[in-house]
Structures are given as C-alpha cells and as structure tokens.
Amino acid sequence: MNHFSHVTNAYLAEYQSILNEMIRGMSSAALTDSISHNFIVQMIPHHRAAIQMSQNILKYTTNLPLQAIAENIISEQTKSIANMETILAACGAQSNTPQEVSVYQSAVSQIIQIMFFQMSHAQATNQINADFIREMIPHHEGAVRMSENVLQFPICPQLKPVVEAILVSQKRGIRQMQYLLECICGC
C-alpha cells in the first residue's frame with residue numbers, strides 16, 4: 001500500500017498512462033531505410049509525451065520556476081513536432097545503406113530502453129514537483145542521446161537544424177531542472 005495523497009496518485013496515474021503511450025508510440029513506429037524518417041517518427045511520440053507530462057504537472061504545481069519550465073517544454077516541443085511533420089515526406093525520401101540503418105537503429109534501441117527503464121523507475125514521492133523533474137530529466141537525456149546519435153549519419157539537410165535545436169533546448173532544460181531539483185529537495 002502506498003502512502004501517496006490523492007493528488008499524487010492522480011498525477012502518477014496520468015504520468016504512467018503518458019509513459020505507456022510514449023513507449024508504444026516509439027516502439028511501434030514504422031521504420032524504413034531512411035534514418036531521417038526513423039528519427040522523426042520516433043521523436044514525435046517522444047515530444048508528445050513531454051508535452052503531456054508538462055500539461056500534467058501544470059494541473060498541480062504552484063512552483064513558478066517549474067511552471068515556466070513546463071510551459072517552455074510545451075512551446076518548444078510543439079514547434080519541433082510541427083517542423084518534423086513538415087519535413088517528414090522530403091526527409092523520408094533520403095535513404096541510407098542497410099548497414100547505416102542497422103548501426104543507427106541498434107544505438108537507438110539501447111538509448112530508448114535505458115530511457116524507458118529510468119522513466120519507469122523514477123522515484124515517486126508526495127513531492128510531485130520533484131517527481132516531475134526526476135521523470136523529465138531522463139526523458140530529455142534520451143532526446144539528447146538520440147539527437148547526438150542521428151548526427152553521426154547522413155541525414156536530410158532539413159532535419160539537421162531541427163536536431164540541433166533539440167540538443168540546445170534539451171540540454172538547457174536538463175540544467176534548469178537539475179538546479180531546481182536541488183532547490184526543491186535541499187531548501
């Protein structure tokens with residue numbers, strides 16, 4: 001039996017639903033011989049989960065810095081999804097060698113399995129502000145690793161600035177959340 005408040009239980013139930021949907025979306029994405037296409041179709045459900053996670057915490061938190069972080073995630077990742085959807089068809093036309101796709105996808109599989117594990121096992125407490133950060137940091141770290149991985153391969157030119165923007169925003173978000181987590185847990 002857990003000793004969580006009704007608010008915490010509601011927050012965590014929604015988080016689990018979002019996480020399960022993201023895992024399904026990323027694991028069942030239709031992959032092709034285009035690394036650019038594969039990155040996009042796996043990153044879109046990843047971004048959607050971040051948006052939904054942020055909307056979930058915004059229902060409960062009164063922490064102003066955390067509200068700003070969540071609102072920024074919603075704004076940046078909504079824009080990133082729109083950019084990826086716009087270039088998907090053109091980027092999907094650029095194919096890669098079977099070896100490139102195999103090496104790329106093998107690395108992605110490892111990255112997302114680690115991310116899924118860390119997010120599934122994030123510490124849950126009655127401090128949902130801290131819970132959100134402990135869930136979102138490995139989510140952002142997964143996006144960073146996926147982005148660094150895809151840049152090692154030939155990808156369509158339109159995707160490169162999208163990936164670079166993901167790297168900048170996710171790394172910044174990780175730093176902000178690590179700092180805020182120290183304040184929440186140490187203040």
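Modeller: S34 counts as buried because its relative accessibility is 0%. The term buried stands for under 20% relative accessible area, exposed for over 50%, and partly exposed for what lies in between, computed with a 1.4 Å probe on the protein chains only. This is a predicted model, in which local features need pLDDT of at least 70 and side-chain atom pairs count only at pLDDT 80 or more, while totals for chains, interfaces and linings use all residues. Residues are numbered from 1 along each chain as its sequence is written, and side-chain values use heavy atoms, with hydrogens and water left out.

S34 sits in the loop between α1 and α2. Helices here are DSSP runs (H or I, at least four residues), as strands are (E, at least two), and they are numbered from the N terminus. Once residues up to four places away in sequence are set aside, S34 touches C91, G92, Q94, S95 and N96; contact means heavy atoms within 4.5 Å. From S34 to A130, 96 residues apart along the chain, the C-alpha separation is 38 Å. A93, by contrast, is placed in the loop between α3 and α4 and counts as exposed because its relative accessibility is 66%.

The next element to consider is helix α4. It covers residues 98-120, and its 23 residues should span 33 Å at 1.5 Å a residue; the C-alpha atoms at its ends are 32 Å apart, which agrees. The expected span is 1.5 Å times one less than the number of residues. The buried residues of α4 are V101, Y104, Q105, A107, V108, I111, I112, M115, F116 and M119, and they pack against α1 (6-27), α2 (35-58) and α5 (128-150).

Q105 lies in helix α4 and counts as buried because its relative accessibility is 13%. F116 belongs to helix α4 and counts as buried because its relative accessibility is 5%. With residues up to four places away left out, F116 touches M22, I23, M26 and S27. F116 and G142 are 26 residues apart along the chain, and their C-alpha atoms are separated by 8.9 Å.

In soluble globular proteins, nonpolar side chains tend to be buried together. In this model the largest nonpolar core has 57 residues, and those with the most contacts inside it are M22, F39, I40, F132, I133 and L159. Each of α1, α2, α3, α4, α5 and α6 supplies at least two residues of this core. A nonpolar core is a set of buried Ala, Val, Leu, Ile, Met, Phe, Trp, Tyr and Cys residues joined through side-chain atoms within 4.5 Å. F132, for instance, touches Y11, M53, S54, I57, L66 and I73, not counting residues up to four places away in sequence.

I137 is found in helix α5 and is buried, since its relative accessible area is 11%. Beyond its neighbours within four places in sequence, I137 is in contact with I174, M177 and Q178. I137 and Q178 are 41 residues apart in sequence, and C-alpha to C-alpha they are 7.9 Å apart in space.

A cavity is a set of points on a 1 Å grid over the protein atoms alone where a 1.4 Å probe fits but cannot get out; a pocket is an open set with protein on both sides within 12 Å along at least five of seven lines, and lining residues have an atom within 4 Å of a point. Grid points are joined across faces, edges and corners, and a volume is the space filled by probe spheres set on the points.

The largest pocket has a volume of about 220 Å³. It is lined by 14 residues, of which E76, S80, A165, I166 and S169 are the closest to its centre. Both α3 (64-92) and α6 (159-186) supply at least two lining residues, and α6 gives the most, with eight.

There is one cavity of 30 Å³ or more, and the largest cavity holds about 60 Å³ of space. Its lining consists of I69, N72, I73, E76, H140, S169, R172, G173 and Q176, and the elements that give two or more residues to that lining are α3 and α6.
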